[in-house]
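Colleague: Please walk me through this model, feature by feature. I would like the general idea, then the case at hand.

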Amino acid sequence: MKGKRVCVPSSGDNHAVFAFALLGAAVTSCDISENQLKNAERIAKQEGIYRSIEFVCEDTMKLGGIADGEYDLVYTSNGVHVWLNDLPAMYRNIHRVLKPGGFSILYEVHPIMRPSREDLKVVKPYNHTGPFEDEYTITYEWRLQDILNAAADAGLRLLHIEEMFAEKNYDLPFWVKTEDIIRGMRVSREEVDRMYDWKENPRMALPNWVCAVGQRCPQGIR
């Protein structure tokens, strides 16, 4: 990644930002939360990678302060799309900030996971995308077609899509919330083995993650 410019909209915990910086890229971390950015900036200084990262408070659906045609890669990680109500605007701006020939990569929880719960009992139709409101948040559960069509309509050419299953992790199982582990929840290896056995856990029969790679076509090609 040395010499490459990477933009990470809705950077959140900034794990991806730190990884790209450690790989040698010059990274722009964008998030609508100033507190997230301040915390990430503190960690970047602590780890000695601050000079490789620019922190910018920006709405992912606008990216108003991000220049046109500057980036080799725009990367969005899991948990981005659920907060956004205008995917076409998001992808138009991703297309705008990419260099001709630049790449867009999304990594996300597979949308097919969201209509059901642990026993595969369906709790809502797949095409009910929201908004879903509670006391604190408004979220959306977009379909795969909503995401990929928004990217395609913005001018990004789909190069590859991968539907993936969660890899077995005894320390942080996919099926256990991270905050529960932090609070001290203990899960035995036998329990984890059952979580990753589709006969014991029917949701393991479905893909858990999706990754897609798009490209802004060189000038004059669509």
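What follows is a dialogue on strands, helices, cores, cysteines and salt bridges.

Modeller: One caution before we start: this is a predicted model.

Colleague: Let me begin with the strands. Which strands pair with β4, and in what sense?

Modeller: Look for the bridges and their direction. β1 and β4 run parallel and are joined by 2 bridges. In that pairing, C7 stands opposite V74 in β4. β4 also pairs with β5, again in the parallel sense, over 5 bridges. There, Y71 faces L98 in β5.

Colleague: How many residues of β4 are buried?

Modeller: The count is 6 of 6, so β4 is mostly covered, with buried meaning under 20% relative accessible area.

Colleague: Now a helix. How do I read the buried side of one?

Modeller: Start from the geometry. An α-helix has 3.6 residues a turn, so residues three or four places apart point the same way. Then list the buried positions. In helix α1, residues 15-22, these are A16, V17, F18, F20 and A21.

Colleague: On to the interior. What should I expect of nonpolar side chains?

Modeller: In soluble globular proteins, nonpolar side chains tend to be buried together. In this model the largest nonpolar core has 28 residues. Those with the most contacts inside it are I66, L87, M90, Y91 and I94.

Colleague: Which elements give two or more residues to this core?

Modeller: They are β4, α3 (87-97), β5 (98-109), α4 (144-153) and β9 (209-216). The largest share, 6 residues, comes from α3.

Colleague: Take L87. What is L87 in contact with, leaving aside its neighbours within four places in sequence?

Modeller: L87 is in contact with H81, W142, D146, I147 and A150. There is also a second, separate core of 17 residues. Among its members are V8, A44, F55 and L73.

Colleague: Next, cysteines. How do I decide on a disulfide?

Modeller: A disulfide is a covalent bond between the sulfur atoms of two cysteines. The test is a sulfur pair within 2.5 Å. By that rule the count here is 0 disulfides.

Colleague: Finally, charges. How many salt bridges does the structure hold?

Modeller: It holds 8 salt bridges. For each pair, check the distance, then where the partners sit. E70 and R5 meet through their side chains at 2.9 Å, N to O.

Colleague: Why does the pair of E70 and R5 tie together parts that are apart in sequence?

Modeller: E70 lies in the loop between β3 (53-57) and β4 (71-76), while R5 is in strand β1 (residues 5-8), so the pair ties together parts 65 residues apart in sequence. E70 is partly exposed, at 30% relative accessibility. R5 is partly exposed too, at 28%.

Colleague: Which salt bridge involves K168?

Modeller: K168 forms one with D193, the closest N and O atoms being 3.0 Å apart. This pair links distant parts of the chain, 25 residues apart. K168 sits in the loop between β8 (156-164) and α5 (178-182), and D193 in helix α6 (residues 189-195). K168 is partly exposed, with a relative accessible area of 45%. D193 is partly exposed, with 31%.

Colleague: Is D146 buried or exposed?

Modeller: D146 counts as buried, at 17% relative accessibility. Its side chain meets that of R143 in a salt bridge of 2.9 Å, N to O. D146 is also one of the contacts of L87.

Colleague: And R189, buried or exposed?

Modeller: R189 is exposed, at 51% relative accessibility. Its place is in helix α6.

How values were computed:
Residues are numbered from 1 along each chain as its sequence is written. This is a predicted model: local features need pLDDT of at least 70, side-chain atom pairs count only at pLDDT 80 or more; totals for chains, interfaces and linings use all residues. Side-chain values use heavy atoms; hydrogens and water are left out. A salt bridge is a side-chain nitrogen of Lys or Arg within 4 Å of a carboxyl oxygen of Asp or Glu. Helices (H or I, at least four residues) and strands (E, at least two) are DSSP runs, numbered from the N terminus. Buried means under 20% relative accessible area, exposed over 50%, partly exposed in between (1.4 Å probe, protein chains only). A nonpolar core is a set of buried Ala, Val, Leu, Ile, Met, Phe, Trp, Tyr and Cys residues joined through side-chain atoms within 4.5 Å. Contact means heavy atoms within 4.5 Å. Two strands pair if DSSP finds at least two bridges between them.
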